Amino acid sequence: MLFISLLRAVKFSLQDIIRNIWLSLVIIIILILALFSINLLYTVKVIGQATVSAVKEKIDVSLFLKNDATEEEILALSQRLKSLPDVKNVDYISKDKALAAFTDKHQDNQEIIDALKQLKRNPLSPTLIIKPNSFESIDDLSKRLDALDSPLIESRNFANYKLMLQKIDSITAKVAEAGLLISLIFAVITILVVYNSVRVATYTHRREIAIMRLVGASNWFIKLPFVFSGLIYALVSLGAIVAVYFLFLTVLQPYLEAFFVGYNINLLEHYRENFFTIFATQFVAAALVNIIASLSALRVYSKI
Amino acid sequence: MIRFVNVKKLYSHDVVALNNVNLHIKPGEFVSIVGQSGTGKTTLVKTLISEEKIDGGRIVVGGWDITRIKRSEVPVLRRQIGVIFQDFKLLPKKTLLENVAFALQVCGSGRKKINTIAPHVMRIVNLEDKLARYPFEVSGGEQQRVAIARALVHRPKILLADEPTGNLDSINANEIIDLLLRINKFGTTVILVTHNREIVNRLRRRVITIENGQIVSDQAVGKYLL
Ligand SMILES: Nc1ncnc2c1ncn2[C@@H]1O[C@H](COP(=O)(O)OP(=O)(O)OP(=O)(O)O)[C@@H](O)[C@H]1O
Ligand SMILES: [Mg+2]
């Protein structure tokens, strides 16, 4: 009996979706728009997080050394630095290496290359690049390096990374906030639209529902087709959003790569790896909104 | 079978639809309820099937006190009481047989049971040759007979008829009353709400007259008083 009722509820729900196909399409399109905005927000968040951690990863402090420092002196200093707390490692860029990198970087700029040639000597200073253990220890490390007294040191360049990252953090937070607001607005619109469509649906079904109540159909049986319709709407819009969003990400990816050169940001990969978590959550949310809206509409408009 | 004890029903603080109604209907009775428009007859029917909750008193149906019936128990009550109305409440896009079968479908009956009971009740109301017609293809009297057939699918102990002949001419109306009498003869308690003086006088059964939500007369073999 239970199984028969379940099958019948599915049948009623499918019949209903097909008979009111335009209403069904409106609900599905609204759901797709809402899911798209939520995914967009999520994408911005992922990009923001990836950027921040990539920037953190790249953070280091440079010590520019005197031009006439000898190799032994520099290596000795490098050893000393390595023994400091908070230091992960120390890279030594010799004058020659620095010059090679510099010419490489400016190989297209003939003027700079000519100017270098005219100098006839290497104008670049040897550099020690110090990577901190973690982003959080950068302040302590800068202080220690400031206190470090060595005749080799020509200048210290401690850019204010903390401030920069705080800015990135606050920007992503603001974007997330705006996105949250947009998603909330969409969620409210979705709930209203679904609620009203179901209201219309219950209204068109009021005869049928009244008869069902009259002849003694149980309340759960009357509600069940609406629950199934909610699940079906959620499933269809989820299928659509998976297709649409993967297409969107495929189109977006080259631009992302061009914009974030040198950072490893691959949204497609992220979505593939977290496919289940991302879309299962969205399915549950979409289905819940639908089902709650339809059940509360039923309660108000058909007293069940 | 049915007992009303001091039943009171208010729609709002100044609309008193039923006021101190006391009533006892025995199993197998055929009772007519008459009264002017707006006196609470339909309200009485609705309280019996728990479509409206009462504000005072008690209602007992077949030994079951339904005064404070749970929401989930209402369907159980409805399967024991068949109801028909002036507007037949058929689904226009279903055939007559499908309309009857629908009542069994939504209550979880199996296909086999439906295939036996639905044609059977259609035979009781003499419509076995019009099973595949749609409601708009048959007369009002026939539509009401389908509604009666549908009300019978759960073998109810009580049949409530709220002005079943209100939309019918006298020939069709008499047919419906004869059908109700036949159903009553099989043992079903029938409660007939009507405005029709001729019918009530012809029946020579118990008549309850309601005025302003109160029972003003209850005669074992009654006449239409108003
Ligand atoms: N849902 C409602 N809300 C408020 N008042 C109502 C409601 N239903 C009925 N009433 C009022 O309650 C009173 C009794 O109504 P009811 O429908 O029981 O009368 P009735 O005897 O069936 O009348 P009729 O013979 O015209 O069908 C009337 O005054 C009516 O206006
Ligand atoms: Mg009435």
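How many salt bridges does the structure hold over all chains? The structure holds eleven, a salt bridge being a side-chain nitrogen of Lys or Arg within 4 Å of a carboxyl oxygen of Asp or Glu. This is a predicted model, in which local features need pLDDT of at least 70, side-chain atom pairs count only at pLDDT 80 or more, and totals for chains, interfaces and linings use all residues. Residues are numbered from 1 along each chain as its sequence is written, chains are lettered from A and ligands numbered from 1 in the order in which they are written, and side-chain values use heavy atoms, with hydrogens and water left out.

**View 1. The interface of chain B and chain A.** Here 25 residues of chain B are in contact with 20 residues of chain A; contact means heavy atoms within 4.5 Å. The two chains bury about 2000 Å² between them, 56% of it on carbon and sulfur atoms. Buried area is the accessible area (1.4 Å probe) that two parts lose on being put together, summed over both. In chain B, the most area is lost to chain A by B:Arg71, B:Arg78 and B:Val106, together 27% of what that side buries.

**View 2. Polar links and elements at the interface.** Seven residue pairs are in polar contact between chain B and chain A, both residues at pLDDT 80 or more. A polar contact is a pair of N or O atoms within 3.5 Å; within protein, one must be able to donate a hydrogen and the other to accept it, and residues adjacent in sequence count only if both atoms are side-chain atoms. On chain B, α2 (74-78), β6 (81-85), α3 (96-105) and α4 (111-124) each supply at least two residues of the side that touches chain A. α3(B) gives the most, with four residues. Helices (H or I, at least four residues) and strands (E, at least two) are DSSP runs, numbered from the N terminus.

View 3. A:Arg213, B:Glu51 and B:Arg78 are linked in a network of salt bridges. A:Arg213 pairs with B:Glu51, the closest N and O atoms being 3.0 Å apart. B:Glu51 sits in the loop between α1 and β4 (56-61), B:Arg78 in helix α2, 27 residues apart. B:Glu51 counts as partly exposed at 24% relative accessibility, whereas B:Arg78 counts as buried at 5%. Buried means under 20% relative accessible area, exposed over 50%, partly exposed in between (1.4 Å probe, protein chains only).

**View 4. The pair B:Arg206 and B:Asp218.** Their side chains meet in a salt bridge (2.8 Å, N to O). B:Arg206 lies in strand β9 (residues 206-211) and B:Asp218 in strand β10 (residues 214-219), so the pair ties together parts that are twelve residues apart in sequence. B:Arg206 is buried, at 12% relative accessible area. B:Asp218 is partly exposed, at 38%.

**View 5. B:Thr47 in helix α1.** B:Thr47 lies in helix α1 (residues 41-48) of chain B. At 2% relative accessibility, B:Thr47 counts as buried. Its side chain reaches the backbone oxygen of B:Leu44 at 2.7 Å. Not counting residues up to four places away in sequence, B:Thr47 touches residues including B:Phe4, B:Leu18 and B:Ile66.
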